[in-house]
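Please keep the structure open beside you as you read.

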Amino acid sequence: MEFSPFNKVVKLCIQGISMEEQNKPEEAGKLFEQGWSEATNDVEKFLAAYYMGRSQKNSSERLKWFEIALYHSLKPNDNTTKSALYSLYSKIAECYQELSDSEKSKEYNELAVKVKDEIFDKGPFYHGTKADLQIGDLLTAGGNSNYKSDFKMNHIYFTALLNGAGLAATLAKGDGVERVYVVEPTGIFENDPNLTDKKFPGNLTRSYRSEFPLKIVGEATDWNKPNPEDIQKFRGKLENNKGEIIN
């Protein structure tokens with residue numbers, strides 16, 4: 001499954017997070033429970049179980065749900081969920097510490113350290129834009145942010161999710177044709193800290209950034225454009241986002 005903000009279970013989790021931010025834990029818990037009951041694959045079950053665990057008051061219940069989330073994150077052998085291993089191992093270690101099991105807590109902390117900052121993705125990678133570019137061109141840092149027009153970006157951003165790049169192309173400023181280019185990093189890159197371990201555990205959007213250029217090696221055309229209603233809602237969320245960009 002490719003992670004999408006328009007997936008029904010993801011939407012329920014986002015609504016639950018919103019209820020938490022409004023200090024409405026009971027409403028949040030109901031939305032997370034609904035997400036768990038409606039989850040049909042391992043990625044959805046991993047995500048719903050994670051939020052079920054996070055919303056529990058009892059350490060034993062939190063541990064139970066985080067272990068369920070871990071099980072479903074490992075089962076599909078999917079890079080989408082592997083990025084969350086650091087968060088899951090750390091949460092499980094905290095639970096064992098609260099339950100006075102220092103040996104188990106140490107075991108999971110060591111597992112967390114092993115995967116911290118590890119990038120499992122091997123590509124292919126994509127960049128969404130409205131710019132008309134050619135194969136062989138280089139995309140470089142220093143452009144303006146799509147979300148803060150007067151903000152110069154110190155990195156160039158890309159993703160391993162084809163439809164995620166398509167969404168970025170749709171949201172990009174300008175009047176050009178929406179394009180998704182297949183790109184190759186020319187240097188080291190890192191998880192995008194603006195998304196990684198923020199609202200979602202790990203880097204589920206498989207978003208990355210680099211100070212080094214990206215080389216365009218092709219163009220992808222088989223991506224799915226979100227419907228206009230979803231795009232309008234997404235734009236509204238971006239416009240109302242008051243968070244600072246980690247540059």
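How are α1 and α2 oriented to each other, roughly parallel or roughly antiparallel?

## The α1 and α2 pair

This is a predicted model, so please read everything below with that in mind. Helix α1 covers residues 8–21 and helix α2 covers residues 25–38; their axes come within 8 Å and cross at roughly 170°. Angles over 145 degrees count as roughly antiparallel, and α1 and α2 are therefore roughly antiparallel to each other. The crossing of α1 past α2 is left-handed.

On the α1 side, the contact is made by Lys8, Val9, Leu12, Cys13, Gln15, Gly16, Ile17, Met19 and Glu20, and on the α2 side by Glu27, Ala28, Leu31, Phe32, Gln34, Gly35 and Glu38. Sorted by class, the residues of this contact between α1 and α2 are eight nonpolar, four polar and four charged.

## The α3 and α4 pair

Next come helix α3 (residues 42–54) and helix α4 (residues 59–74), which pack at an angle of about 160° with their axes 8 Å apart. That angle makes α3 roughly antiparallel to α4. Here, too, you can look at the handedness: α3 passes α4 in a left-handed crossing.

To find the contact in your viewer, select Asp42, Lys45, Phe46, Ala49, Tyr50, Met52, Gly53 and Arg54 in α3, which meet Arg62, Trp65, Phe66, Ile68, Ala69, His72 and Ser73 in α4. The contact of α3 with α4 has eight nonpolar, three polar and four charged residues.

## The α6 and α7 pair

Helix α6 spans residues 85–98 and helix α7 spans residues 102–115, and their axes come within 8 Å, crossing at roughly 165°. The two helices, α6 and α7, are therefore roughly antiparallel to each other. The way α6 passes α7 is a left-handed crossing.

From α6, the residues making the contact are Leu85, Tyr86, Tyr89, Ser90, Ile92, Ala93, Tyr96 and Gln97; from α7, they are Ser102, Lys104, Ser105, Tyr108, Asn109, Leu111, Ala112 and Val115. By class, the contact of α6 with α7 has ten nonpolar, five polar and one charged residues.

## Two backbone details

Most residues other than glycine have a negative phi, and most peptide bonds are trans. With that background, two spots deserve a look. Serine 100 has a phi near 65°, a positive value in a residue other than glycine. You will find serine 100 in the loop between α6 and α7.

Proline 124 lies in the loop between α7 and β1, the strand at 125–129.

How many cavities of 30 Å³ or more does the count come to? The count comes to one. The largest cavity has a volume of about 50 Å³.

Which residues line the largest cavity? They are Asn79, Ser83, Glu118, Ile119, Phe120, Asp121, Asn191, Asn203, Arg206 and Tyr208. By class, the lining of the largest cavity divides into three nonpolar, four polar and three charged residues.

Definitions and conventions
Residues numbered from 1 in each chain as written. Predicted model: local features only at pLDDT ≥ 70, side-chain atom pairs only at ≥ 80, totals over all residues. Heavy atoms only, no water. 1 Å grid on protein atoms, 1.4 Å probe; cavity = no way out; pocket = protein on both sides within 12 Å on 5 of 7 lines; lining within 4 Å. Points joined across faces, edges and corners; volume = space filled by probe spheres on them. Nonpolar A, V, L, I, M, F, W, Y, C, P; charged D, E, K, R; others polar. Axes fitted to C-alpha atoms, helices over the stretch in contact; angles between N-to-C directions. Helix = DSSP H or I, 4+ residues; strand = E, 2+ residues; numbered from the N terminus. Parallel < 35°, antiparallel > 145°, perpendicular 65-115°, else oblique. Left-handed = near helix turned anticlockwise from the far one by under 90°. Contact = heavy atoms within 4.5 Å.
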